[in-house]
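Thank you for sending this entry for comment. Please read the points below with the sequence and the coordinates open beside them.

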Amino acid sequence: MAFKIVTQSPNAPALDYTADASISFTQGSVAYRDTSTGEIKEDAGSNEATTLTIEAIIAKTVTSASSNPTIRAYPIISGPGQLWEADCTNNTAANQLNKAHLLTSALAVANTNTTDTSTGGVFIALKIIGVASDKKLLGYFVKVGQATA
């Protein structure tokens, strides 16, 4: 599943972004702005959460953007006005709530019992979804003007 929008106010529709035509995009994954090329990209590692600027969640899987250099995605609105259900790397626990978490990759939150105070701590967990072994949290993103750390 990755990231799925649960609620937002005000309503922000999916937008067409200029995409990196050389990569594929997975529905529900975090995309980041490449400030050197002006495109959005999805990264298989964790760079989008640690050294780059998060921008949107991909609306539909695209195996190659080469035939159409735009991709539909939901813009991330910083703060609790837009709530996301997120897949997590670890089992969830109450001591992970109200903390800022890194992303493991474009598809999951690296949930721990410690808040991350770096520019990579972009997901704030508010509630556990299901049981601990479901590995899902409800929360919101904090977009910071991230630059290479």
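Predicted model: local features only at pLDDT ≥ 70, side-chain atom pairs only at ≥ 80, totals over all residues.

1. The protein chain has one helix and eleven strands, and, read from the N terminus, the elements follow the order β-β-β-β-α-β-β-β-β-β-β-β. Of the contacts between residues at least 6 apart in sequence, 60% join residues at least 24 apart.

2. As for burial and surface, 43% of the 149 residues in the protein chain are buried. The accessible surface of the chain comes to about 7000 Å², and carbon and sulfur atoms account for 53% of that surface.

3. A search of the whole structure finds four aromatic pairs. Phe-3 belongs to strand 1 (residues 3-8) and Phe-141 to strand 11 (residues 136-141), so that the pair links distant parts of the chain, 138 residues apart. Both Phe-3 and Phe-141 are buried.

4. Phe-141 also pairs with Trp-84, here in an edge-to-face arrangement with 6.0 Å from centre to centre and 75° between the planes. This pair, too, links distant parts of the chain, since Trp-84 lies in strand 7 and Phe-141 in strand 11, 57 residues apart. Trp-84 has a relative accessibility of 1% and Phe-141 one of 0%; each counts as buried because the cut-off is under 20%.

5. Is Thr-92 buried or exposed? Thr-92 is found in the loop between strand 7 (82-87) and strand 8 (100-105), and its relative accessible area is 6%, so it is buried by the cut-off of under 20%. Leaving aside neighbours within four places in sequence, Thr-92 is in contact with Asn-111, Ile-128, Val-131, Ala-132, Lys-135, Lys-136 and Leu-137. One of these contacts, Lys-136, falls within strand 11 (residues 136-141), the strand that holds Phe-141.

Notes. Residues numbered from 1 in each chain as written. Heavy atoms only, no water. Helix = DSSP H or I, 4+ residues; strand = E, 2+ residues; numbered from the N terminus. Buried < 20%, exposed > 50% of the residue type's maximum accessible area, 1.4 Å probe, protein only. Contact = heavy atoms within 4.5 Å. Phe/Tyr/Trp six-rings, centres within 6.5 Å; stacked < 30°, edge-to-face > 60°. Areas by Shrake-Rupley, 256 points an atom, 1.4 Å probe, with all protein chains shown as cover.
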